[in-house]
Amino acid sequence: MKWLVHLYPKKWRNRYGEEFLDILENRELSIKEVLDVMVNAIDARFLNLVEELMGVDKKFRNIMLQSVLKRFLILGTVILLGLFGGYWLANAAPSVLELPASAILLIGAALGLFSGYVIGLARGITRVVKTTQKEDVYLPTGKLKFDKT
Amino acid sequence: MSSLDRFSEPSLFILISLAEGNKHGYAIMEDIEKSYDMKIGPGTLYGAISRMEKMKFIEAIPSEDRRKPYRITSEGRLYLKEKLTEIENVTKLGFQRLGLI
């Protein structure tokens, strides 16, 4: 009867294996009961698989959240460096009036791109917040759940 | 007992059995067979036991014996009470509509 116990996942066998085997050994099993064990073993394996997948999802989310934290740290450092660098440049760089027309054009284009990026990012965040207030949204960083009360 | 089929949720029978006193799997099985004149497969029994243990409706009593006894928890008692009340309400309504009470 041990083969019937082995149909169950290892985790289940470690917990219930001995007592379950005791029942199987002390009972004259009908075909119906053997089938009952087989069906429930499939069920237990399926549940075990779901639990394992949920565990993987949790690990994945933790990794992704750590990654988001790292990104914020990097972004924060870049902003700080930019601020101090900009301040230093403002003191050291010549006046706008002294710059050649091509340099002004280049700076203008760069500033335009940067502003577009910031506005786009802000709009994206606003859209995500608005959507998640209505429903749960799954992002690569995990499930974003907002208080909908 | 075919009349019990509608409410033949194994977990309910297990909780009712444990409400009487602590029992191991084999004793629960025998109690159900004796009380309701119906058979419960070992797979179904342990499927229900593992689910209810996860839900903290029952818990295993530490034992060196191969047969581990189980006891019903306070959450299990509450769940059983709720379920039996539901069944009682359905039964009462059924009898009323049949004009039997």
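Residues are numbered from 1 along each chain as its sequence is written, and chains are lettered from A in the order in which they are written. As the model is predicted, local features need pLDDT of at least 70 and side-chain atom pairs count only at pLDDT 80 or more, while totals for chains, interfaces and linings use all residues.

**Exercise 1. Describe the secondary structure of chain A and its annotated spans.**

Step 1. Count the elements. Chain A has 4 helices and 2 strands. Helices are DSSP runs of H or I with at least four residues, strands are runs of E with at least two, and both are numbered from the N terminus.

Step 2. Read along the sequence. The pattern is α-α-α-α-β-β.

Step 3. Turn to the record. An unreviewed UniProt entry annotates residues 68-89 and 101-122 of chain A as "transmembrane region". Such annotations may be inferred rather than shown by experiment.

Step 4. Check both spans in the model. Residues 68-89 of chain A are 100% helix, with end C-alpha atoms 31 Å apart. Residues 101-122 of chain A are also 100% helix, and their end C-alpha atoms lie 32 Å apart.

**Exercise 2. Work out what chain A brings to its contact with chain B.**

Step 1. Count residues. Chain A gives 17 and chain B gives 14. Two residues are in contact if their C-beta atoms, placed from the backbone, lie within 7 Å.

Step 2. Locate them. In chain A, α2 (10-25) and α3 (31-92) each supply at least two residues of the side that touches chain B.

Step 3. Sort that side of chain A by class. It has 9 nonpolar, 2 polar and 6 charged residues. Ala, Val, Leu, Ile, Met, Phe, Trp, Tyr, Cys and Pro count as nonpolar, Asp, Glu, Lys and Arg as charged, and the others, Gly among them, as polar.

**Exercise 3. Decide how α1(B) and α2(B) are oriented.**

Step 1. Take the geometry. Helix α1 (residues 10-20) and helix α2 (residues 25-36) of chain B pack at about 100°, with axes 10 Å apart. Axes are lines fitted to C-alpha atoms over the stretch in contact, and angles run from 0 to 180 degrees between N-to-C directions.

Step 2. Classify. Angles of 65 to 115 degrees count as roughly perpendicular. The two helices, α1(B) and α2(B), are therefore roughly perpendicular.

Step 3. Name the residues. B:F13, B:I14 and B:S17 of α1(B) meet B:I28, B:D31, B:I32 and B:Y36 of α2(B).

Conventions. Angles under 35 degrees count as roughly parallel, over 145 as roughly antiparallel, 65 to 115 as roughly perpendicular and the rest as oblique.
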